[in-house]
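Here's a quick tour of the ligand and the residues around it. Have a look at the structure first, then read on.

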Amino acid sequence: MRFTRRKFLGVATAATFAATHPALAAKPLTIGFSQVGAESEWRTANTTSIKDAAKKAGVIMKFADAQQRQENQVKAIRSFIAQRVDIIAFSPVVESGWDTVLREAKAAKIPVILTDRGVKVADPSLYVTLLGSDFVEEGRRAARWLVEHAKKNPGRAYNIVELQGTVGSAPAIDRKAGFAEVIKGEPRLKMLRSQTGDFTRTKGKEVMEAFLKSEGKNITVLYAHNDDMAIGAIQAIEEAGIKPGKDILVISIDGVRGAFEAMLQGKLNVTVECNPLLGPQLMQAALAVKAGKPVPKRIVVNEGVFPAEVAAKEFPNRRY
Ligand code: AHR
């Protein structure tokens, strides 16, 4: 290679700069991030948080939207491996089926960070850490609210329909399990029907319509695994001439602004918080991994429960 004087000066200047500013000269971290999709208000807030945090931390982010399909995530992960990114991060659409592609990442020596949702793999060393909520506890919190409601209303019937999240996803499996664990010991709380609404408003509405068709006014409680499905279902309930929040108690998970608006209108009774603002913690974990610092295998996010009575006070503080 021939060095022209101009090129040489360029190299010399860069070298001098690197010597005097070692931190600034370091190569920026590149993260390949595969997102589930854009299925809910929660997800949109999660994507914004991750992109904003990357920008703020000076991290180069290669972002891929999987449109709720595992095969798209597998393709994205393989492409991140081919591009030799420093870290792969992803929020898995479903829990199982990851062993092969994660072994490929490990063979390429690219650390993997899970955000939001977990995976079931034979070898836990295939990922460094899982950063996200405790979904089982969210399900328990939703059920505990209902148990308390039942204690205060001895004459009321509690016939529940459940809108599950995406089949095979960690939040759908865990939120169902946590809720079932608590209502098991409560003979007044009866589960009538349970079906997936895929975490979307459209499917939440569709499935609620079907529930209403088959169970009619027998339904007195709706437990939705996320706010978007609850909001879709509220529409179906109203169209059937039934009052959501009163005739049918509505319990959901996420705590997005749309849920607070529904609570302020008296149509939703409680939302259990699931915090989507994971960006800053993800960047922190990624930078630590890159620097070879130890990172805990599980990082759980702190969250609350918001019943309709506190909605007006809490609404101005909501950031998503
Ligand atoms: O994994 C988190 C869940 O995924 C959120 O509760 C839901 O809204 C989203 O789609």
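## Who's around the ligand

In this predicted model, the ligand is surrounded by Glu39, Ser40, Trp42, Arg43, Asp116, Arg117, Phe135, Pro171, Arg175, Phe199, Asn226 and Asp254. Sort that shell by class and you get 4 nonpolar, 2 polar and 6 charged residues.

## Oxygen atoms and side chains

With aspartate 116, the side-chain N or O atom and a ligand oxygen are 2.8 Å apart. Serine 40 has a side-chain N or O atom 3.1 Å from an oxygen of the ligand.

How much of the ligand does the protein bury? On its own, the ligand would expose 280 Å², and the protein buries 100% of that.

## Where the shell comes from

The ligand takes up the space of the largest cavity. Two helices, α3 (41–57) and α7 (170–183), are the elements giving two or more residues to the shell around the ligand.

Now zoom out to the domains. Domain 1 (8–133 + 276–302) supplies at least three residues of the shell, and domain 2 (135–274) also supplies at least three.

Technical notes: Residues numbered from 1 in each chain as written. Predicted model: local features only at pLDDT ≥ 70, side-chain atom pairs only at ≥ 80, totals over all residues. Heavy atoms only, no water. Near = heavy atom within 4 Å. Polar contact = N/O pair within 3.5 Å; in protein donor to acceptor, adjacent residues only side chain to side chain. Areas by Shrake-Rupley, 256 points an atom, 1.4 Å probe, with all protein chains shown as cover. 1 Å grid on protein atoms, 1.4 Å probe; cavity = no way out; pocket = protein on both sides within 12 Å on 5 of 7 lines; lining within 4 Å. Sits in = over half its atoms within 2 Å of the grid points. Helix = DSSP H or I, 4+ residues; strand = E, 2+ residues; numbered from the N terminus. Nonpolar A, V, L, I, M, F, W, Y, C, P; charged D, E, K, R; others polar. Domains from an automatic or database assignment.
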